[in-house]
Amino acid sequence: MKTSKRQRRPKGLGTIRMLGQNRARPYQAIVEGTGSAIDGSRHRYTLGTFATREQAEKCLDIHFLKTLEIMPGIVIDKPKYEDQYLQFIQEMIQKGIVASDPRDIDNADIINQIFLARMAKDGIELRDVKPISTAPTLAEIWERVKATDLRNLQNPNTVRNYDTTFKHLQLIHHVPIDIITLKDIQPIFDQQMRDHASYAKMNRMRIVLNHCYKHALKYDMASTNYAQFVDFYESREEVETRQPFDDDTIRQLWSLRDDPDAQAVLVMIYTGMRPGEFTTIKKDNVYLEERYMIGGIKTAAGKDRIIPIHESIVPFVAQMMQRSGNAWLFGSGSYQAYLRGSFMTIKDKIGFPYTPHSCRHTFATLAKLAGMNEYARKKIMGHSCKDLTDDVYTHAPIEYLKKQINMINLPDNL
């Protein structure tokens, strides 16, 4: 749909003809009919003449919102609200929520729910097939969740990451929580899968939805947690990039051992840290002489755990400590900043296909090849031990873990 008078209207969505400057209503809005004349030409119909081009544009836009069955029937029955509906659609176009061409709009049902809910909030109840809900919208629920359920989270980055994730649910932000159903949520995840979004990203989206629904259920604002029924899966690309680094790539990283970006990858490979753990390690939690760090995220077994430092990467950690100009060992404490900056730089330099998460898979592979004790490997990586006897030993001796991690061999001929 046209959003600027300087753009040419898409083919098939009507034309505007200039009849002459001296006319009081010089702009003519024209549409083509469905039939054709004997000579093959199309039948053309005039919708009206207008004083300004903007008025002609508006007439055509509203015409196609009606004929393409996008505009809700209740608005068609009450033409005085057509302008507000058109403004709403243009706002959704600018935000990228709906397609600019009305023929490509495939989410009219949920869009119209948002419009009707917004009108109701302004005191105008346009009752269509469904009654207007008085429940808070998803966005309002999310603000309540942050202010209550998530307020005591120790890591502020978690809430920031959740906030970023919430933006991917923009399509249903302004829909009352009790109106949203699985048929509204699943298409959002389907689009993420078509865009090859990572499993981790979609899982965060589900986590955010779960938080919203738990809050809504607690206060009788909704009756069903539809987040639990959402279906998504890993893309082929993600499965392929989860493979561990091959030997040649590890040798290339070691050949660039003076490069800070290469050092960062090697530190993750030889500690088994998650990327988010590496980027949030604080210098105050690094004990270089004793050869271990304290850090970790995610699970009870992973948080604030002892992470032994392989003797080969001690110089890298020491250099990171000297280079750092803030509280963090490496970077700014943001995984996304590390991914866009340091990691992508070394990835482009060497030309490997791996992701930061591949470092952790590489550690697991190298540990098994070296014959590392399974209990030690799980403790170092922050996994829970299934064996009850092992779980009693939640604090494995540091010297034992240091010896175990040093079992991992470096590539030959370094």
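The protein chain exposes about 22200 Å², and carbon and sulfur atoms supply 48% of that area; accessible areas come from the Shrake-Rupley method with a 1.4 Å probe, and for residues only the protein chains shown count as cover. The model is predicted, so to speak of local features a pLDDT of at least 70 is needed, side-chain atom pairs count only at pLDDT 80 or more, and totals for chains, interfaces and linings use all residues. Residues are numbered from 1 along each chain as its sequence is written, and side-chain values use heavy atoms, with hydrogens and water left out.

In secondary structure, the protein chain has 18 helices and 6 strands; these are DSSP runs numbered from the N terminus, with helices (H or I) of at least four residues and strands (E) of at least two. Of the 414 residues in the protein chain, 44% are buried, where buried means under 20% relative accessible area, exposed over 50%, and partly exposed in between (1.4 Å probe, protein chains only). Among contacts (heavy atoms within 4.5 Å) with a separation of 6 or more, 62% join residues 24 or more positions apart.

In soluble globular proteins, nonpolar side chains tend to be buried together. Here the largest nonpolar core has 56 residues, and those with the most contacts inside it are Tyr85, Ile111, Ile172, Ile177 and Leu209. Such a core is a set of buried Ala, Val, Leu, Ile, Met, Phe, Trp, Tyr and Cys residues joined through side-chain atoms within 4.5 Å. At least two residues of this core come from each of helices H1 (53–67), H2 (73–77), H3 (82–94), H4 (108–121), H5 (138–147), H6 (156–166), H7 (182–194) and H8 (199–218). Apart from it lies another core, of 43 residues, which include Val317, Phe343, Phe352 and Ile405.

Beyond neighbours within four places in sequence, Leu209 is in contact with Leu138, Leu169, Ile172, Ile185, Phe189 and Ala227. Phe189, which lies in helix H7, counts as buried because its relative accessibility is 0%. With neighbours within four places again set aside, the contacts of Phe189 are Met202, Met205, Arg206, Leu209, Val230, Asp231 and Phe232. Arg206 is 17 residues from Phe189 along the chain, and their C-alpha atoms are separated by 9.2 Å.

Charged pairs complete the picture. The structure holds 17 salt bridges, each a side-chain nitrogen of Lys or Arg within 4 Å of a carboxyl oxygen of Asp or Glu. Glu91 takes part in a salt bridge with Lys95, the closest N and O atoms being 2.9 Å apart, and in another with Arg118 (2.8 Å, N to O). Because Arg118 lies in helix H4 and Glu91 in helix H3, this pair ties together parts that are 27 residues apart in sequence. Relative accessible area makes Glu91 partly exposed at 23%, Lys95 partly exposed at 40% and Arg118 partly exposed at 27%.

The side chains of Lys146 and Asp163 also meet in a salt bridge (3.0 Å, N to O). Lys146 lies in helix H5 and Asp163 in helix H6, so parts 17 residues apart in sequence are tied together by the pair. Finally, a network of salt bridges links Arg9, Arg53, Glu57 and Asp61.
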